[in-house]
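The sequence and the structure come first.

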Amino acid sequence: MPKTAESNACSACAKSKRKCGRQMPTCVRCADRGIRCVYPYSTREAPSSLRLLLPEPESGSIPTADDGQLGEGAVTSFSIGTDHIPAESLSLEMSFPLMYNESSTSSALMQMPIGHISDADWFLAPETWRMTHVLDNMATVPIGIPKMKDYILLLQSWFRRWVTHGSNPFVHSHLYKANFPACVQVAYATLASYIHRTPENTDIILRIVADRSAKLLQEHGAVPTRNGTESWADEGPTEIDLFTQLSRLHALMVYQIIGLFDGDIRSRHVAEGQMSVQDTWANILFQAASKSLTNTRDAGTQLIGSLPRPTTNLQQRWYLWILSESIRRTWLIASSMFSIYSALQQRWSVCPGSIMYSNRKGMWCAESSTDWDKLCSKGGAASLQRFACSRLPYEADPDDIDEFGDAMLNMTVHEEILEEWKSRNR
């Protein structure tokens, strides 16, 4: 369940004179309406167990394209934040972005054989869509500014890989083979143009990014308000399928990774105004998937018109895994972008929560349903588990974890534990 803010009503509920649930980062009423949830400044301080602690900044910057770069030719830069703060002076007092509560449910799920659980595939079971949050008694993980910047650079390299190789650790190679929605095509082409920009056309490319992102929001029910932020109309978003929701989120994430970290002040301003939309779209997608894909009678219908037409039962299972795993990984990336940027800018960030995902090496890159099925039944690292960070280095070999899982580990587990784990298995 989402953390509840110890505060008065948010601005939207107060203005409407409606009861506010006071959840963080957005109350239920604002989330349902798809509008930005803003609390009075004095009450927006996160609980001490969920805050990023920093000394007062002297100088520096949020990571920009100049720091690691989505592509060559970045020429703009805008410095704010804290760049010269020693890593040891920074402590992220939460397990970010993933730290799962140990429970009998998760342990049992990790040991279950591949197959069906209550007439549903193992990766569609209700337990796999359960979101958890960090408890106060869990160990804290110090995360320095360099590590957060490295994570952003890694995400930028993944977006760049999508353009150069057609896939990346959160966009599966088969996801858009049969259906490449127009919104993703436009975002993909814009990303390619941005990666190959020159100093002479950078301003033009950034203007296209801002225009395309605004058009995307307009086409999917988000309209500009007087104060420049984005919100849905009063009637709220219409019902749409999971593939369409995932596609629009991928498109928006392209514009956000450029806008937030390019370094151009105008681009950053536009992207900041759309952060709440990305967060809302990610949560709507995950909640919709948790309802639709756990219904064994209707889960298969989510593949119609999206992924390639399955010819066997095994292939259908594989495609359902691709869709569900893409949703999980995309949610994790979208949430981490939001939290990392907030942490670098505000010196604290609310924990977005934790979900399950597959981390076994080879599963994401499997060329066929047969190869995927073999990896599912293979021993070693659990193919789907609560990301028990404190246990994984003692129960799996580093070579069993794929690139996505390794990135999550690096942002969650103490660096000394990871180094000892990897050196022990060399």
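## Residues and helix packing

Asp211 lies in helix α6, which covers residues 202-219; helices here are DSSP runs of H or I of at least four residues, strands are runs of E of at least two, and both are numbered from the N terminus. The model is predicted, so local features need pLDDT of at least 70 and side-chain atom pairs count only at pLDDT 80 or more, while totals for chains, interfaces and linings use all residues. Residues are numbered from 1 along each chain as its sequence is written, and side-chain values use heavy atoms, with hydrogens and water left out.

With a relative accessible area of 41%, Asp211 is partly exposed (buried means under 20%, exposed over 50%, partly exposed in between, with a 1.4 Å probe and protein chains only). Its C-alpha is 9.8 Å from that of Tyr255, a residue 44 positions away in sequence.

His250 belongs to helix α7, residues 242-261. Its relative accessibility is 1%, so His250 counts as buried. Leaving aside residues up to four places away in sequence, His250 touches Trp162, Phe170, Val171, Leu175, Tyr176 and Thr330, where contact means heavy atoms within 4.5 Å.

Two helix pairs are set out below. Axes are lines fitted to C-alpha atoms, for helices over the stretch in contact, and angles run from 0 to 180 degrees between N-to-C directions.

| Helix pair | Angle | Axis distance |
|---|---|---|
| α4 (residues 145-165) and α10 (residues 313-346) | about 140° | 11 Å |
| α5 (residues 182-195) and α7 | about 20° | 8 Å |

The angle makes α4 oblique to α10, whereas α5 and α7 are roughly parallel to each other (under 35 degrees is roughly parallel, over 145 roughly antiparallel, 65 to 115 roughly perpendicular and the rest oblique). Residues of α4 that meet α10 include Tyr151 and Trp158. On the α7 side of its packing with α5, the residues include Arg248 and Tyr255.

The protein chain holds 14 helices and six strands. Of its 426 residues, 54% count as buried. Among contacts in the protein chain with a separation of 6 or more, 73% come from residues 24 or more positions apart.
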